[in-house]
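This briefing goes with the sequence and structure shown below. Please look them over before reading the notes.

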Amino acid sequence: MSETSHYLQITIGAVLVYNFVLARFLGICPFLGVSKRLDTAAGMSGAVIFVMTLASLITSTVYNYLLKKPITLFGHTTNLDFLQIVLFIVVIASLVQLVEIMLQKLSSPLYRALGIYLPLITTNCAVMGVATLSAKSNYSVLDSTIFGFFSGLGFALALILFSSIRERLELSQVPGPFQGMSIALITAGILAMAFLGFSGLC
Amino acid sequence: MGEYLLAVLILAVIGVFLGCIIGIAAKLFKVQTDPRIELVTELLPGVNCGGCGMAGCADFARSIVTGENPPNKCPVCSQEAVSAIAKALGIEVGDTVKKVAVVLCGGDKNQEKVENLYNGVSDCVSASLIAGGPKSCAYGCLGMGSCARACPFGAIEMLNGLAVVHNHLCVGCGKCVEVCPRNLIKLVPTETKVHVYCSSPEKAPAKRKVCNVACIGCRKCVKAAKEGQFAVKGFKVEVNYDSDNLPSEEVIAAAACPTGCLLTTQTHYEIEKNAGVEK
Amino acid sequence: MSSDISYKTVSFKGGVHPAKDGKSLSGDRPIKTAPLLEKYQVIVHQNIGAPPKLLVAVGDKVKKGQLLAEADGFVSVPLHAPTSGEVSAICDIPGPMGVPVQAVEIKSDGEDTWTELLSPLDWRNAEPQELKDRIHDAGIVGMGGAAFPAHVKLSPPPDKKIDYLILNGAECEPYLTADHRLMLEEPDKVLEGAAILGRSLGVSNVFVGIETNKEDAIAVLLKKASAYNVGIVGLKVQYPQGAEKQLIYAVTKRKVPAGGLPMDVGCVVQNVGTAAAVTDAVKAGIPLIERVTTVTGEPVKEPANWRFRLGTPIIKAIELAGGVASEPGKAILGGPMMGFAQKSFDVTIMKNTSGILLLDAKDVFQYESNPCIRCGKCINACAMNLSPGPLGAMIESEKFDLAARAGVMDCIECGSCAYICPARIPLVQHFRRAKAEIRRMTQNQKK
Amino acid sequence: MSEEVKNEPQLPSGNELILSSSPHIHDRENIQSIMVKVLLALMPAIFMGMWLFGADAIRVILLCSIFCVGAEILWCLMAGKPTSTVKDCSALVTGILLALNLSANVPWWLCLIGAILAIWLGKQIFGGLGHNPFNPALVARVGLLIGFPKLMTSWVPTIFMGQNTQSYSKAFFSDSIWMNVLEGKLDGITCATPLGLAGEAEKIISGAGAPQLFSGITTSEAYLNYFWGNVGGCIGEISAVALLLGGVILVWFKLIKWQIPLCYIGTVAVLSWCINLFFPGVTPPALFHLLTGGLLLGAIFMATDMVTSPMTGLGAVIFGIGCGLITCVIRIWGNYPEGVSFSILFMNALVPLIDRVATKKPFGYIKRTTEKGATA
């Protein structure tokens, strides 16, 4: 029971209750930037899921085996926890870079589908967020990988929902002062209100 | 103290390690790409804002090179940067004779009978599909502003039921020419001062019945002007826009056009502007 | 009534049921023949395809049925003089689409003498090609509205096997009763025409599709149909039952592919009026110079069906129908759902003029610029299964590429969506505009 | 005959003829008539609310209607749009729906804020009627629920409950829970809604013996009260019979897609029945879920709003099932006792996607091998 509810908490929580975009307000930049068209939003979503999963896997490995416990090196015993953010940035950035390079060579169709979005994600705060959050919650490597995947899924859900609404708004006559980014933010706000209904699920 | 050293050391080691991996990977997995894409990417702002609708600058650069998007779609780029990109790709068009558009109709609301009670979409193409449009002249400006909406530079103004081109804004892209269902818009050399504001090929009596400012083909202007400046086409007169010596403004006074369809661009604009105010 | 009818009632999905069908205005009166007029203005280009080449000049004497213009190319038909007299002018007159068109003006000499007609054919023994040539020579086009040359439809490419000929007697347009009266009064001509068309195609499955609100016509045709080996199919009263693709679906359950032609599913559809004209052309050698047209509408004093010669100005037609009792607010060529509003009464009757409809000013409804409230009625009404409302929104914001992808080119402009739309959006006008724009864009691309 | 000449309008110039596109005839229905019919369908619920809550309810309904129409006029004046859009009655419908979603004792300024949220934020900011992706009344309700949780969840008794609300609650509820109420563990309840009580019950005593907790609120007498509307709650949501009558009127006039309420209510019924069957302590039986709370109001009047629901029948089915699922999830496991508003708002956001999936294939559709096929 507790095992199941633990994973339920991680998954449902990441997708609905603590949705990265609409509840935690992380990753707003690509959320607003790449939501004009549904197909680009879908591509971006795929890339985010991919990177978030991979990043949580690597960062949680780094965290659990390098930073969590004090280590002894050259006679000094230190807790390296304070390096967390710097290390995560370095690791994620090079990871994304590496993935991009390899994708371009190994799988051209996959690169065209995801690759072009990868540079956009390197500095995405949602990716950093997923790493630090799973570190903070003391997730194991498996936990945080699942957490990363479902966080990405939550991001994808919000992004795809939002882009489909924006596509419809393209056809409507939004009053001048509210056109563009302002109506997008208002829509996102109402969407966040709708997501608030899920609070308390876990 | 050792703590700090250790931190620096660890970061340095990791940094070098990751750097090496990426460096090796970059060598191992090198892919030949169109060098122009890289060139354009460098010229773009590189902020990956996604404002162009593409996923980042590199993707946008690719779309420019493949011709999917024009360089000026980037909302961040300055005009200089756009032209630099265009230059780098050699996609600029070397237009020798600079042209502007002119709407060859003077039949505004006061001059031409608007015949029917039109009820429908306010758009020239749509209107022309219903019994040819609500104006009695089958060749007159419908005045619903399709050209004005099509103009990316806001150079066409709707005045008193007539489209009028602002020469200083018009760049001669020809979008309006395409869109006009009555083919009233012509691209003419910028220095043209005088136009015959009528495009109807009908006979004079038929024209006069529906419009006060139609060209009735009296040829007074042809006689007043130099040889080759005007051309008679059917029942109407046209300025010979291809000729080297375009008619000067003096022609108007000399010709004393009986219907007043021979006008300079400036007076045409003023007439329409004032006519709109009066009503 | 219906117990002795041995036919099935079929239909298609979608469509609307116009509340006021107006058929009783003119449907009960027999067809009258219009008297000879002094002057006819025959529009030269009366068919889809290439305009015919003019053979006469001002001052020429012509006889009734004489060639005025000859076909120019395959998709073109000749044009014949409606009466004998003198060609008094070749001029531009207002066309049905509002654009001036070329017309031959014939001043009648009052004698109405026939020219030498083509010899009658024994169609039961004639070669199909012979029949097709005759149909072409008689200048016969689709008389339901499209004016597509009849012989072209009868000459499918060899790889398309045709196994169905359907005669369109649905007449689903409100107000119009021309086909109804024709079937009622000249059932033999219609059925024989059907048989002739069937022979020219080499098809044995010949059906006449009739909406079940024309019970008397169905009864008459059923009685005679077996003699010509023609089947009668009852169609549910539902607009647009007479649209080609919907009719084919109703009768055969075959779906004409989007962007395709009826021949892609082995079908050919002809109007019942066309069939009657074919009978005249084959059995008597008479070319197409007159047709039955409904003159109707509340303002018309005596709404009825008339046999008008080509080139009769509609103002004369209205006068013949007793003039008007009240001031009309709208004049329409064709039916109220698909007809074209006119701005002049000088338009003349053409081969495809099925009706002249006047509407009272108070009956004319106004399109409004309301927003779409997404009620979905248009989607249910669309006979082509398109989404008219969203399409209209795309076109309003000038996103023609989106509209093209959503299938606007498949629209048959039947008007069901705009009829039902509670926001009163001029959807059909939007679609016609989009079609025009998309055609222009593709032409530019080809350049 | 000379008199006839006057009536001989052959119009040689033709300049009095109307030019417009085909079709030249039209169905009688327009937006206004649709809205008036919706108002008609709302009447049973309005009267029931007025009767059961008395003058308070009349006040709220009037205030909301006036504020909504006023907000619409004000916006149109500010935006320079013609104020004729008021005539289509859509603002009035929004106002009344908003009122039906409020408790009868809310202060006037809450109505005002709600009206501004609904009309401005919910509708006009997106371009007015027809362009709003979210149901305006729901945007207002959810906005108010988040902003003023206490005001939005304090209820007044109906006239049949008398002044003593405690006795009413007691009649519905088993003693063990009632002790908690008296001890003040359940705060903010002046007159609890059945759903609220059920939710509190789950929280207070979880685990053993839970099914008995619901026995008080699921007696046949209680069900009858839910059916007629003798319970605490919003003005419009209490009387199941009035809402069902309204639903019949809407379906009769073909103003809503019947698939939406059917699938919505059906999904809630099936889901809560299953959960109640296997985990009786988690939630009350299905009938309780159907008759209480805003489910009927939401399923019949809010989810079916034309502008914010899918356009095709298939889309309506997906939409209804989605609404039902989310409602159940929130009601049973969520923080909020009621999930109808949130679920509909969430599904509103999904509508463009649903529309995309559920578009009909054009007649004679053939799968095109190239995308260019359409334009080339």
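Two residues are in contact if their C-beta atoms, placed from the backbone, lie within 7 Å of each other. By that rule, Ala88(B) touches Leu39(B), Val40(B) and Leu43(B), leaving aside residues up to four places away in sequence. The model is predicted.

**Around Ala88(B)**

- Ala88(B) sits in helix H4 of chain B, which covers residues 79-89.
- Ala88(B) and Arg36(B) are 52 residues apart along the chain, yet their C-alpha atoms are separated by 8.2 Å.

**Chain B as a whole**

- Chain B contains 11 helices and 9 strands.
- Of the 279 residues in chain B, 41% are buried.
- Taking the contacts in chain B between residues at least 6 apart in sequence, 59% join residues at least 24 apart.

**Where chain B meets chain A**

- Chain B contributes 23 residues to the contact, and chain A contributes 25 residues.
- On the side of chain B that touches chain A, helix H1 (2-28) and helix H3 (56-65) of chain B each supply at least two residues.
- H1(B) gives the most to this side of chain B, with 13 residues.
- Sorted by class, the side of chain B that touches chain A holds 15 nonpolar, 6 polar and 2 charged residues.

Terms used: Residues are numbered from 1 along each chain as its sequence is written. Chains are lettered from A and ligands numbered from 1 in the order in which they are written. This is a predicted model: local features need pLDDT of at least 70, side-chain atom pairs count only at pLDDT 80 or more; totals for chains, interfaces and linings use all residues. Helices (H or I, at least four residues) and strands (E, at least two) are DSSP runs, numbered from the N terminus. Ala, Val, Leu, Ile, Met, Phe, Trp, Tyr, Cys and Pro count as nonpolar, Asp, Glu, Lys and Arg as charged, and the others, Gly among them, as polar. A residue is buried if 20 or more other C-beta atoms lie within 10 Å of its own, exposed if 12 or fewer, and partly exposed in between; C-beta atoms are placed from the backbone.
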